[in-house]
Amino acid sequence: MNNEQRDIKLLKRIQAGDRLAYKELINRHKDYAFTVAFRILNNREDAEEVAQDAFLQVFKNLNGFNFEAKFTTWFYRIVFNAALMQKRKSRIFTEDIQSSTQASLVSNLSDSSEDLRKTERQHAIKRAMQNLQADDVLLITLFYLQEQSLEEIAEITKISAETAKVKIHRARKRLAEEMKKHWKEEVKSLI
Amino acid sequence: MLTDEQIFDILDGQASKEILQAHQNLLLNSLVYQQYFKELEAIHLDLVDMPLEHTSANFTENVLAAVVQEKPVLVPVKRKAWAGKLLFVFFGIMISLFIVTIISLLSYSSPVEIIQIRPNLIPEGFKDFLTQDFTKVAVLANLIILLVLFDKRVLRPYFKHRRMTLG
């Protein structure tokens, strides 16, 4: 049984009132939902709230789900919409990442310089992502999580596969430009 | 020089042989291309390496707790057409019963007279049955009917609702 079939089986059990199936569904998808929300919001608390809200919406709207469709396509759309709403509500992105960067740098003092450089680059990427549009962040995140095909990503974002591909290319290009800016500023601050 | 789309196709492993060939040539002959490719490659590799984020330890429990607290969706029951007339029906029956009772009281005569006029035609054994056994059977039957109604109207809907809300 593949992942898709397993999800559908779990959803049918949830519909029949099986609480354990709901728990299993949450455990299967929580990290992916959280990652998508976190990359868009860049705040752990908000992202966790969004992911929780998405799971509650799944539970409440299960009767509206088309069981012929793929669960994750429907689910990531819910996560994305919830994250967008949260982002509109609170426009606080930078503080969390700055504090987490410092915390992580402090906690990784024992790591090698290579690890530190990698961690620093990843934080820079997360920061750069905040300058992209939310749907671009979603496209890049889903593309690199490698859980969805390009066609499925396109369905989640309600665009064609070809457009999704072009948008992913452009978003990466913009990310590269943002990173370039970031390193230039870093160099300036060092001088 | 290759386009950004072509470079990303190379990084995604989706480039054609011709593009790969052109890419190899550019890597060998163009420093500008080499630098630009490395920039995009670095971003690509950083994104590949981005770890999956993890929720807090009690995430699942929080969601399950929130589901229990969720108020059930109340579906408004459509009122039946005859439901509005029930009150009139009830008062109609009550008035009829009241009239019948009044008429019965007016036409009431003492039991002594009845005994004198009509001899008791009910056999003795059947009379005992009516007064003792029949009462017991009737009470038992009523009890069973009440229990069945209670199960159908109260218990079953309650447990069905509990199951639906994953309680």
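This is a predicted model: local features need pLDDT of at least 70, side-chain atom pairs count only at pLDDT 80 or more; totals for chains, interfaces and linings use all residues.

Residues are numbered from 1 along each chain as its sequence is written, while chains are lettered from A and ligands numbered from 1 in the order in which they are written.

Start where the chains touch: 28 residues of chain A are in contact with 27 residues of chain B (contact means C-beta atoms, placed from the backbone, within 7 Å). On the chain A side, two or more residues each come from helix 2 (19-41), helix 3 (44-60), helix 6 (113-129), helix 7 (134-145) and helix 9 (161-190). Helices here are DSSP runs of H or I with at least four residues, numbered from the N terminus. Helix 2 of chain A gives the largest share, 10 residues. By type, that side of chain A splits into 14 nonpolar, six polar and eight charged residues; Asp, Glu, Lys and Arg count as charged, Ala, Val, Leu, Ile, Met, Phe, Trp, Tyr, Cys and Pro as nonpolar, and the others, Gly among them, as polar.

Now follow chain A into the loop between helix 2 and helix 3, where A:Asn42 sits. A:Asn42 isn't a glycine, yet its phi is positive, about 60°. Is A:Asn42 buried or exposed? A:Asn42 is buried, as 22 other C-beta atoms lie within 10 Å; the cut-offs are 20 or more for buried, 12 or fewer for exposed, and partly exposed in between, with C-beta atoms placed from the backbone.

A:Lys158, in the loop between helix 8 (150-157) and helix 9 of chain A, is also a non-glycine residue with a positive phi, near 60°. A:Lys158 counts as exposed, because it has 10 C-beta neighbours inside 10 Å.

Technical notes: Two residues are in contact if their C-beta atoms, placed from the backbone, lie within 7 Å.
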